[in-house]
Amino acid sequence: TTTPGEDQSLEQLHALLTAQPHLQTYVSALTMRGRRDDVLPRIHTLPLKIPRLLPLMRRMQIEDNLVYLPSGAAFDVNMRQFTNVTSLELTRIHFSSVNDLRRIIGALRGLHILKLVWPTWSSSRNPAHPAQYPLARTRLQELLIAARAEPLAGGNLTYFVEWLAYSGTVS
């Protein structure tokens, strides 16, 4: 478990796994918990630092954080290196937009289980119709979404569920 901003930061995890490569094969799950007072989110740096160091990681859990994904393909390409991740749990995550969530799921092509608990978004504008996006390569076998009523008002969660269906991510 790593908590950005505290002693066990993502940078320290990276340094430990680099200095002690024999530990890499023992990690099958990674939990990252943010702090409510974090000013700058660190989650977007995860795929830049960790994928090659955790070849057997199957489960990723991210809690209480802000997700900001930089534009461009670098994040997506690096996130695809988590080839063995089959389970992703995102709890109390604030996304900049629904598109950021789509990018994470689309990059994790081996993902089978998605748990999305109490998501929120900065933008409440309605993105393009989900049918306009290409088919996804990710195929979920299990999907759990728990949300408060507030995100439903902006249409983001509704849009996301429609995208899951139109993209073939769930069927």
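Is Glu 89 buried or exposed? Select Glu 89: at 18% relative accessibility, this residue counts as buried. Buried means under 20% relative accessible area, exposed over 50%, and partly exposed in between (1.4 Å probe, protein chains only).

Before moving on, note that this is a predicted model, where local features need pLDDT of at least 70, side-chain atom pairs count only at pLDDT 80 or more, and totals for chains, interfaces and linings use all residues. Residues are numbered from 1 along each chain as its sequence is written, and side-chain values use heavy atoms, leaving out hydrogens and water.

**First stop: Glu 89 and Arg 59.** Glu 89 sits in strand 3 (residues 87-95) and Arg 59 in strand 2 (residues 59-67), so the pair ties together parts 30 residues apart in sequence. Arg 59 is partly exposed, at 32% relative accessibility. A salt bridge is a side-chain nitrogen of Lys or Arg within 4 Å of a carboxyl oxygen of Asp or Glu. By this rule there are 4 salt bridges. Helices (H or I, at least four residues) and strands (E, at least two) are DSSP runs, numbered from the N terminus.

**Next: Asp 64 and Arg 92.** Here the closest N and O atoms of the salt bridge are 2.5 Å apart. Asp 64 belongs to strand 2 and Arg 92 to strand 3, so this pair ties together parts 28 residues apart in sequence. Asp 64 is buried at 17%; Arg 92 is partly exposed at 26%.

Arg 103 lies in helix 4 (residues 98-107) and Asp 76 in helix 3 (residues 74-79), 27 residues apart. Arg 103 is buried at 15%, and Asp 76 is buried at 14%.
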